[in-house]
Amino acid sequence: MDCCDTDGPDVPTREKGDEHRDEAADHWDWMRIAIGAFLGGNSMIVGLAINTSAMPANERLFVEIALLGAAIVVFELLGRRLLEPVWEALSEGRITFEFLFLAGIVG
């Protein structure tokens, strides 16, 4: 019996063009992480700056609305993938690790 002549499960093979699709998805995942980290980091710096300095109320409101917009974009880029598994787990009465991440993001 030869080592490669087994009747084991079939291993899925990639079709021509799948490599390009996977690379594009990986590229987009890294871009999402980079954009989210950039916006999140800058939002933290701006938030610290406005909380440690005196600023007129109308300017502070404008900056806080801009920070809220940046937080929504970051959540859309990085947190959206957590919603589906969390919703499924909660509908089954379970609390998963993804729920803890989502609670930390939202809270």
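The following legends describe close-up views of a predicted model. Local features require pLDDT of at least 70 and side-chain atom pairs count only at pLDDT 80 or more, whereas totals for chains, interfaces and linings use all residues. Residues are numbered from 1 along each chain as its sequence is written, and side-chain values use heavy atoms, with hydrogens and water left out.

**View 1. Overall architecture of the protein chain.** Three helices and zero strands are present, in the order α-α-α from the N terminus. Helices (H or I, at least four residues) and strands (E, at least two) are DSSP runs, numbered from the N terminus. Of the 107 residues, 15% are buried, where buried means under 20% relative accessible area, exposed over 50%, and partly exposed in between (1.4 Å probe, protein chains only).

**View 2. Surroundings of Ser 43.** Ser 43 lies in helix 1 (residues 18–51). Beyond residues up to four places away in sequence, Ser 43 touches Leu 67 and Ala 70; contact denotes heavy atoms within 4.5 Å.

**View 3. Nonpolar surface patch.** Leu 90, Ile 95, Phe 97, Leu 100 and Phe 101 form a nonpolar patch of about 550 Å². Areas follow the Shrake-Rupley method with a 1.4 Å probe; for residues, only the protein chains shown count as cover. Helix 3 (residues 97–106) contributes the most, with three residues.

**View 4. Ile 95 in its loop.** Ile 95 is located between helix 2 (57–91) and helix 3. Ile 95 counts as exposed because its relative accessibility is 60%.

Key. Patch = residues over 30% accessible without salt bridge, like charges linked within 9 Å, V, L, I, M, F, W, Y side chains within 5 Å. Salt bridge = Lys/Arg side-chain N within 4 Å of Asp/Glu carboxyl O.
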